[in-house]
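The following exercises concern the fold of a protein chain and the setting of one of its residues. Please study the sequence and the structure before reading each solution.

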Amino acid sequence: MQTRPLGRTGVQVSPLCLGAMMFGPWGNDDRADSIRIIHAALDAGINFVDSADVYSGGESEEIVGEALRGRRDDVVLATKFFMPMGKDPNHRGGSRRWIIREVENSLRRLGTDHIDLYQVHRPGPDTDVEETLGALTDLVRAGKVRYIGSSSYSGSQIVEAQWAAKDNHFARFVTEQPPYSILVRGIEEDVLATTRRHGMGTLTYSPLAGGWLSGRWRKDAASTPTSAARPGARFDMSIPANQRKLDIVEDLAQLAEQAGMPLIELAIAFVINHPGVTAAIVGPRTMEQLLSYLPAAETTLSADILDRIDEIVAPGVTINPDDNSYGTHELTIGARRR
């Protein structure tokens, strides 16, 4: 599997990044099977693994750490912090107090003395970016973290963080991790241009749009999700945008068939074929899912196929805004000018 530069760090990573969210009770509760999947991904050429402290309450990091014993130096290891890790209101967020404590927990669970890429899982509207960057810089200088990154930051938040790092001589975010798929193309409006302008790597997640582009959910199929089976606005079939997604999936499935590939391969290849994307994070729960993802790493989509995708879903468009992972605090009524 060919590698790509991780922004301007000089580090090379595979175009597929193994996401670890499904390892543990959140997905695959068979620890040994999860480790087999991780080993299979590494054997296939994936050298980039991404987890988070919150995944299965820390168990995902423990599984990753166990799987990487003896192979740690061959892997670019990333994890994240920010989400609640308990009921205590201070066991979360981007404060120095929490970051300095939680990195030690992640290091212990991962069984390593350093994290290659330590990322803020979400921006904290109530925390100064200098507070977060200052703590992360200390971790870099202490050797516990090699690089730092952000996740689900808007274009303006990325710029603010870059300027804060420059003004205060802090370590800067070298990566951004946003959602991106054929159905969720909002980052094409601003985020991708911003990360490229600042020389950042872009690690996109949910290339299959939460399963919508897996090929198993089709119009009038018995397996198609219902609001009762999968609650939430992303799957509420009374919402017109979700009905539209089913129509779009039909068109994409036909396009994939004409191109001679499964819809999964088309969907993931679409993401990693974008020149602004470094790697797509794929999060298999089973070995079968992992094996279905791997061919996309070597797939190049023709201009004709990309043009046809643009006709089906226009660039910059997110079909259902509920599929985005961005917060809404920037758009609250109190922030609008009337």
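**Exercise 1.** Determine what share of the contacts in the protein chain with a separation of 6 or more is accounted for by residues 24 or more positions apart.

*Solution.* First, a contact requires heavy atoms within 4.5 Å. Next, among contacts with a separation of 6 or more, residues 24 or more positions apart account for 78%. The model is predicted: local features need pLDDT of at least 70, side-chain atom pairs count only at pLDDT 80 or more, and totals for chains, interfaces and linings use all residues. Residues are numbered from 1 along each chain as its sequence is written, and side-chain values use heavy atoms, with hydrogens and water left out.

**Exercise 2.** Describe the surroundings of Ser106: where does Ser106 lie, is Ser106 buried or exposed, and which residues does Ser106 contact?

*Solution.* Step one: Ser106 belongs to helix α3, which covers residues 96–110; a helix here is a DSSP run of H or I with at least four residues. Step two: the relative accessible area of Ser106 is 0%, so Ser106 is buried. Step three: apart from neighbours within four places in sequence, Ser106 is in contact with Asp53, Glu61, Thr79 and Ile115. Step four: the side chains of Ser106 and Glu61 form a polar contact at 2.9 Å (a pair of N or O atoms within 3.5 Å, one able to donate a hydrogen and the other to accept it; residues adjacent in sequence count only if both atoms are side-chain atoms).

Key:
Helix = DSSP H or I, 4+ residues; strand = E, 2+ residues; numbered from the N terminus. Buried < 20%, exposed > 50% of the residue type's maximum accessible area, 1.4 Å probe, protein only.
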